Amino acid sequence: MEKSTESSEEDSVSLKSNGKTPTKENLGMVNTFRNSFRRVTEKSPLLFGSKAAKVKSRADNDSGLLPPPSSPSLSAGSPVMSPLRSIGGYFPEDEADTVSQKSKGISRSKTDPNMTRFSDSLLTRGALIRRSLGFGNKKDKSSRQEQLVPVCEGPAEERRGGEEKQEEEEVWEEVEETYTLQELPHTPLSVMQINKLIEMEVLEEAHLNLLALRLEFQQDSDRGGVVDSPMDLAKKEKDLNLLYGELRNKLNTIVRDSNSLPSRNKALLVPVSRIIQEEERRAEEPGGLPDSWVQAWREAVSDGVRVKINNVHLDHRDQNASWLAVHLGLLGKTIVEDLENVKKDLRWSYPPSFKVFSAYLKSYTIVTAQHLKKLEKEVTELKDLFHLLEWIINRYNSERVMGSLSLLPDIRDESSELQLEENFLKQLKEKYCCRVKAEMRFSLNNIIELENEDLWSKNKEPEEDEDKFLHSQIPMDIWTKVKGNAVNSRKIDAELEQRVTASCLEELKQFPKRFETELRRLCSSQPLWTKYQITYINSFTALQQHMEGYHDSCPHEVEGFSTEAKGLVYRLLHDMENQFTDHAKPYLRRMMTRKWLTNNEDFEELHRQTQKLSQHCALMKSPYAQELASRLHYHVVREFVGQLMKNNYSCKNRKHEKAAKKISEQWDKLRNLFEDMNSSHEWLHPVGDLLSDIIKQKDKTQIKNHLQPLVEQCPDFSKKHLVAVLYFRGLMRGREHQLILQKLTELKKKPGNAGDKTHVLFGDMQVAVNTDCLSNLPFSCLSFLLPDN
């Protein structure tokens, strides 16, 4: 009756609630056993359940193993042997990850032993385990140690040398693949007792009792529940599931923490691996967990790796500007140190088929990729994006991480590539390029603000370079920015360099118009406006030349920027041209007039404006200085000569000689200025002198002899132009007038006098209509007026 009451009380005890409190005496015995067992496991990585420690090196295992013993049967009370299944059977390479089962409370509806029996059983079974693992009392220990002393032949010095060498070279040996399963207890411990063993990490004892309990369940299930009611059988199955869940959770915790707490968990890894092997062998038998123990082990390894990575120090960006660079450096160091620890220590606590290093390596490739994905969401600055990309593409595979010399022998045949999400790297590069473009725009806007602060707002003279050309720091600032972005991205890869350069040039394409808008708004009314124009003509010309270096890699973007830059330069040149023509216009209009013949004021002002233009062109770099000088040279010549075509004045009373001399003198002064400006229109230089030769002829009959050079130099010089020149000379009618015109017609008809058709000067000149009705009559109509008739 007492026994029945005791049993019913135990049945009502819940595992998690710990309904009954063990006595002080029982707890003392439990702790004594636990400490004893831990001392045993900490001292020796011995095999699970073997009576003598049998540890072979990998080379021995590869050279040939003894035939594995037969698998244990389910009959209680008989010692059994269990080989691990083939590697492919238990450790598939691409097995999907699953989530480890969470800890649950366990309660057993019916148990036979009580807590006193549990304490006695712990001590008894602990002694058996110590003996089976090869540990006896001190006397036995000393006896075995004496028997194991190696016998060395040769002098004592050689033996000492060999011993020292053995101490220096630490040789690691792997756990054997096969193992001997201990005898299952005839009567398993209660659910609470088994759970207590799991909590105390007495894993072998807990597992043996769990297997015995599982055997009971299978026997009851085979008998169809004759002994126990169907409800009791269901409770047994529930107890098994809960206990197995607790065991797996404990194993997962040990495996998870094994790389963080190696000194605590290393000794437990051998029994952990044996339990996993045995459960995998019994996977098809009822009473166990449905999912794979090996897969759960892999998930525990991944959890441990995740804990390790999450514990890597990470500053907040507000605390440290280099927060990401520092973190990535520590991350790489952690990966190397942990894999070295796995290689040197952890993997020797598992049988070879577990492929421990491979499992940890694969976990790091997956978990590190997930960690980088989290970091990417927090990264916004360009420098941090650079560090992230550079670490992923270069440093991860370098000797600092996966290319470490200490890891290379083991990684050589493994895949160490980061398991990044599809398109993650592409999106990260796109984010980097967008950030480059945004920072480029910000820098360009800053350049405009700095120009305004340093020059425009202070009406300050622009600087001259060593060649005395006006210049600014804009080309160098922009080139340095683009070059820096290109060089930095080249450190990551060549493809990113091309994309970054294209992004910079795309943003740079918009810069000339923004710059011009601000320049005109802030400077167009200033006295230094012309010098500012020259400065930025030079600056954007130089910037174009710098950007041409990227034409091979980004032709479309370079051409787009060049078009915009040239547009700005030509608009500034056109403004300078308009300024000069507007200033020179009133003085040119008063050429070839009565006042001009007697007064030099207008020409002197025209000369002063042209001199000023020459000085400005000297501050401008080629080719635009020459282009501006050439265009204005043409303009001045056409307007100066064009005044002859307006019939404003006719030299009478032999004033044509004075007028011709003045034209020649003024023409020489203008020609010298444009020669100094390196005008490309050299063909214009003789035009003034040729016209002056016609005008200065005292004998009008000699005029027709001076037409040939003018026709050759200016093929577009026509009859109407000659009529205007003769009018200015004072020859408006008469036989000689007609003979001169006839001579021009003959000269223009000769093939050799076609001249250079590109030399167009007179074609666009406006010629005033002569109102003298006789001046344009043909010579035949006037022949009757001649004296001979």
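Modeller: Happy to! A salt bridge here is a side-chain nitrogen of Lys or Arg within 4 Å of a carboxyl oxygen of Asp or Glu. Please keep in mind that this is a predicted model.

Biologist: Which residue forms a salt bridge with aspartate 689?

Modeller: Aspartate 689 sits in helix 28 (residues 687–696), and its partner is in helix 27 (residues 656–676), 18 residues apart, so the pair links distant parts of the chain. Aspartate 689 is itself partly exposed, with 22% relative accessibility. The closest N and O atoms are 3.0 Å apart, and the partner is arginine 671.

Biologist: How many salt bridges does the count come to?

Modeller: The cut-off is a nitrogen-to-oxygen distance within 4 Å. By this rule, the count comes to 44.

Biologist: What separates glutamate 199 and lysine 196 in helix 8?

Modeller: Their side chains meet in a salt bridge, at 3.8 Å from N to O. Glutamate 199 is partly exposed at 40% relative accessible area, and lysine 196 is partly exposed too, at 33%. Because the two are 3 residues apart in helix 8 (residues 191–199), the separation is about one helical turn.

Biologist: Are aspartate 493 and lysine 429 buried or exposed?

Modeller: The side chains of aspartate 493 and lysine 429 meet in a salt bridge at 2.7 Å, N to O. Aspartate 493 lies in the loop between helix 19 (474–492) and helix 20 (494–509), while lysine 429 is in helix 18 (residues 424–454), so the pair ties together parts that are 64 residues apart in sequence. The cut-off for buried is under 20% relative accessible area, and both aspartate 493 and lysine 429 are buried.

Biologist: Which residues join that pair in one network?

Modeller: Salt bridges that share partners build the network. Along with Lys429 and Asp493, the network takes in Glu430, Glu495 and Arg499.

Biologist: How are helix 19 and helix 20 oriented to each other?

Modeller: Their axes come within 7 Å and cross at roughly 160 degrees, and helix 19 passes helix 20 in a right-handed crossing. Residues that meet there include Val482, Ala486 and Ser489 in helix 19 and Val500, Thr501 and Cys504 in helix 20. Angles over 145 degrees count as roughly antiparallel, and therefore the two helices are roughly antiparallel.

Biologist: What is the handedness of the crossing where helix 30 passes helix 31?

Modeller: The axes of helix 30 (residues 719–729) and helix 31 (residues 735–749) come within 10 Å and cross at roughly 145 degrees. Lys719, Leu722, Val723 and Leu726 of helix 30 make the contact with His737, Ile740, Leu741 and Leu744 of helix 31. The crossing is right-handed.

Biologist: What is the relative accessible area of valine 725?

Modeller: Valine 725 has its place in helix 30. Leaving aside neighbours within four places in sequence, valine 725 is in contact with Met645, Leu691, Ile694, Ile695 and Phe717. Its C-alpha atom is 9.3 Å from that of serine 650, 75 residues apart along the chain. Valine 725 is buried, and the value is 0%.

Biologist: And for the protein as a whole, what share of the residues is buried?

Modeller: The protein has 32 helices and 4 strands. Of the contacts with a separation of 6 or more, 81% are between residues 24 or more positions apart. The protein exposes about 39,600 Å², with carbon and sulfur atoms supplying 49% of it. Among the 789 residues, the buried share is 48%.

Methods:
Residues numbered from 1 in each chain as written. Predicted model: local features only at pLDDT ≥ 70, side-chain atom pairs only at ≥ 80, totals over all residues. Heavy atoms only, no water. Buried < 20%, exposed > 50% of the residue type's maximum accessible area, 1.4 Å probe, protein only. Contact = heavy atoms within 4.5 Å. Areas by Shrake-Rupley, 256 points an atom, 1.4 Å probe, with all protein chains shown as cover. Axes fitted to C-alpha atoms, helices over the stretch in contact; angles between N-to-C directions. Parallel < 35°, antiparallel > 145°, perpendicular 65-115°, else oblique. Left-handed = near helix turned anticlockwise from the far one by under 90°.
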